[in-house]
Amino acid sequence: MRLLFGDQLGDHFTDDHDGRFLMIESRAVFRRRRFQRAKAHLVLSAMRHRAAELGDRVQHVRAETYADGLARVRSKGLQVVHPTSRAALALVRSQPGGKEVELLPARGFVTSMDDFTSWAEGRGSKRLLMEDFYRDSRRRTGVLMDGDEPVGGAWNYDKDNREPPPRTGLDVPGPWWPEEDEIDEQVRRDLDDWEASGEVAFLGADGPRRFAVTQDEAHRALDHFLEHRLEVFGTYEDAVLHDDPWMAHSLVSAPLNLGLLDPLDVVRRAAERHATDGTRLASVEGFVRQVMGWRDYVWHLYWHLGEDYRHRNALRARRRIPGWFADLDADATEAACLSHTLAGVHAHGWVHHIPRLMILGSYALQRGWDPAELTDWFHRSFVDGYDRVMVPNVVGMSQHADGGVMATKPYTSGGAYLDRMTDHCGGCRFDPKVRVGDDACPFTAGYWWFLDRHRERFEHAPRMRQAVRGLDRLADLDALVEQEDRRGSKAP
């Protein structure tokens with residue numbers, strides 16, 4: 001019997017197995033931690049849809065815990081595709097009652113664990129740079145390659161994909177949306193009952209469902225993106241529009257992370273759009289880099305860097321996440337970018353990568369919030385958030401808590417960046433050009449406050465030296481530090 005976790009729901013996890021399957025829903029997962037409700041709905045709906053597709057071939061168990069569910073299974077042995085989290089791997093390795101567990105190689109990623117290990121060991125003392133990993137992956141798979149050279153003559157077109165948002169909005173069709181069915185209705189009734197009984201509490205809202213829960217839905221969402229939105233995607237992938245939360249993004253991260261799409265198939269189909277239809281190469285390459293570059297890179301670092309990586313806190317950030325932020329209370333803050341982003345997470349369990357990194361993550365970094373607590377919050381609050389996703393992304397990329405293993409500089413900025421790359425600042429009561437006083441932008445002030453606290457660490461870092469020297473030009477630095485010390489984690 002093959003055990004299928006809730007993120008192993010596509011045919012590429014089942015098509016080589018002729019026997020029966022096991023799927024387990026654990027109520028305790030939702031009791032122990034407060035998840036965004038749209039995420040709980042999405043995962044349960046996806047699992048129940050897959051169970052319905054597999055029919056008599058699956059034993060679908062609803063239990064208090066995974067261990068309880070496994071105890072009900074009479075099979076002497078289990079076959080498991082390598083789980084995506086350390087906790088799940090420990091669970092299957094510690095089966096009681098003499099059950100034998102056959103652990104199959106991981107799936108759902110372009111690069112195998114063995115290939116990554118070979119690449120990493122071949123680096124010697126060199127840093128495990130994502131760009132180098134990405135190029136190696138393209139060479140091995142042939143994606144966007146012309147013989148031994150990259151299509152178009154360049155490996156990376158990121159410099160062409162940094163345009164600020166157009167004032168008139170994007171001229172692009174909206175995303176494809178799924179339609180809910182009776183399985184979704186039952187999931188919502190179950191979640192309502194659990195909340196009403198007081199045994200489970202959730203964050204945010206639930207509905208209508210925005211993300212695919214079946215392979216058919218996932219492929220329809222991907223097809224629509226490739227046909228109507230990929231061309232524009234790259235140009236504005238780092239931009240933010242207040243009235244357009246989706247912009248030209250693919251919205252396939254959730255179905256990819258549920259295992260409903262094979263990422264190698266996804267990037268090959270994207271590359272084909274350039275080859276056959278002439279879709280803008282910079283947009284295609286940017287999307288391919290996200291899927292087979294960054295997504296795979298983060299997955300492999302999760303395992304390669306070890307269990308202790310999640311506990312790193314190089315900047316000694318100890319402040320607790322305040323309740324207004326943790327509860328997704330968009331009305332608690334007058335900062336337009338923070339309010340809008342928290343509202344998006346509350347409503348959908350999703351905002352794209354720039355609000356995650358340069359609004360939510362940057363603000364937390366500036367305030368000195370505990371990176372482990374923030375990692376857990378991102379995991380619970382986003383529909384595409386999993387342990388293996390958020391540990392490297394938050395600890396390493398967002399909070400610089402690993403001291404520079406993943407990124408050579410902290411990803412944070414003052415209000416000027418947000419003023420350029422979003423349309424939030426024009427309608428905000430704070431001024432991105434002001435750092436001290438009632439109108440001081442919390443990001444502009446917070447940026448200098450952060451640099452001042454960590455001056456000694458960054459004053460000799462090549463990519464931070466110039467920024468730190470800017471502190472000496474601030475005549476109002478003492479007043480700024482006193483202002484931000486008072487504000488702390490209060491909602492701006």
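# Contacts, burial and backbone in a predicted model

Q: Which residues is Arg 273 in contact with, leaving aside its neighbours within four places in sequence?
A: Contact means heavy atoms within 4.5 Å. This is a predicted model, in which local features need pLDDT of at least 70 and side-chain atom pairs count only at pLDDT 80 or more, while totals for chains, interfaces and linings use all residues. Residues are numbered from 1 along each chain as its sequence is written, and side-chain values use heavy atoms, with hydrogens and water left out. By the contact rule, the partners of Arg 273 are Leu 226, Glu 227, Leu 230, Gly 278 and Thr 279.

Q: Is Arg 273 buried or exposed?
A: A residue is buried under 20% relative accessible area, exposed over 50% and partly exposed in between (1.4 Å probe, protein chains only). Arg 273 has a relative accessible area of 18%, so it counts as buried.

Q: In which helix is Arg 273 found?
A: Helices are DSSP runs of H or I with at least four residues, strands are runs of E with at least two, and both are numbered from the N terminus. By this numbering, the helix of Arg 273 is H11.

Q: How many Å apart in space are Arg 273 and Val 200, C-alpha to C-alpha?
A: Along the sequence, 73 residues separate Arg 273 and Val 200. In space, the C-alpha distance between Arg 273 and Val 200 is 45 Å.

Q: What is the relative accessible area of Arg 269?
A: Arg 269 also has its place in helix H11, which covers residues 263–277. Its contacts, leaving aside neighbours within four places in sequence, are His 219, Leu 222, Asp 223 and Leu 226. Arg 269 is classed as partly exposed because its relative accessible area is 21%.

Q: Which side chain makes a polar contact with the side chain of Thr 412?
A: A polar contact is a pair of N or O atoms within 3.5 Å; within protein, one must be able to donate a hydrogen and the other to accept it, and residues adjacent in sequence count only if both atoms are side-chain atoms. Thr 412 sits in the loop between helix H17 (387–398) and helix H18 (415–421), and it is buried, with a relative accessible area of 11%. Its contacts include Met 358, Leu 365 and Tyr 447. At 2.7 Å, the side-chain partner of Thr 412 is Ser 362.

Q: What is the length of the polar contact between the side chains of Asn 257 and Arg 295?
A: Asn 257 belongs to helix H10 (residues 253–257) and is buried, since its relative accessible area is 7%. Not counting residues up to four places away in sequence, it touches Asp 7, Arg 295, Asp 384, Tyr 386, Arg 388 and Val 389. The polar contact between the side chains of Asn 257 and Arg 295 spans 3.1 Å.

Q: What is the phi of His 400?
A: Most residues other than glycine have a negative phi, and most peptide bonds are trans. His 400 lies in the loop between H17 and H18 and is buried, with a relative accessible area of 3%. Although it is not a glycine, His 400 has a positive phi of about 50°.

Q: Is Arg 316 buried or exposed?
A: Arg 316 is not a glycine, yet its phi is positive, about 55°. It is found in the loop between helix H12 (281–304) and helix H13 (323–326). With a relative accessible area of 67%, Arg 316 is therefore exposed.

Q: What is the omega of the peptide bond from Gly 207 to Pro 208?
A: Pro 208 is placed in the loop between helix H7 (182–196) and helix H8 (215–228). The bond from Gly 207 to Pro 208 is cis, with omega near -10°.

Q: What radius of gyration does the protein have?
A: The radius of gyration is taken over C-alpha atoms, and the globule rule is 2.2 Å times the number of residues to the power 0.38. With 492 residues, a compact globule would come out near 23 Å, and the protein agrees with this because its own value is 23 Å.

Q: What share of the residues of the protein count as buried?
A: The protein has 22 helices and seven strands. Its C-alpha atoms fill a box of roughly 70 × 60 × 45 Å, taken along the principal axes. Of the 492 residues, the share that count as buried is 58%.
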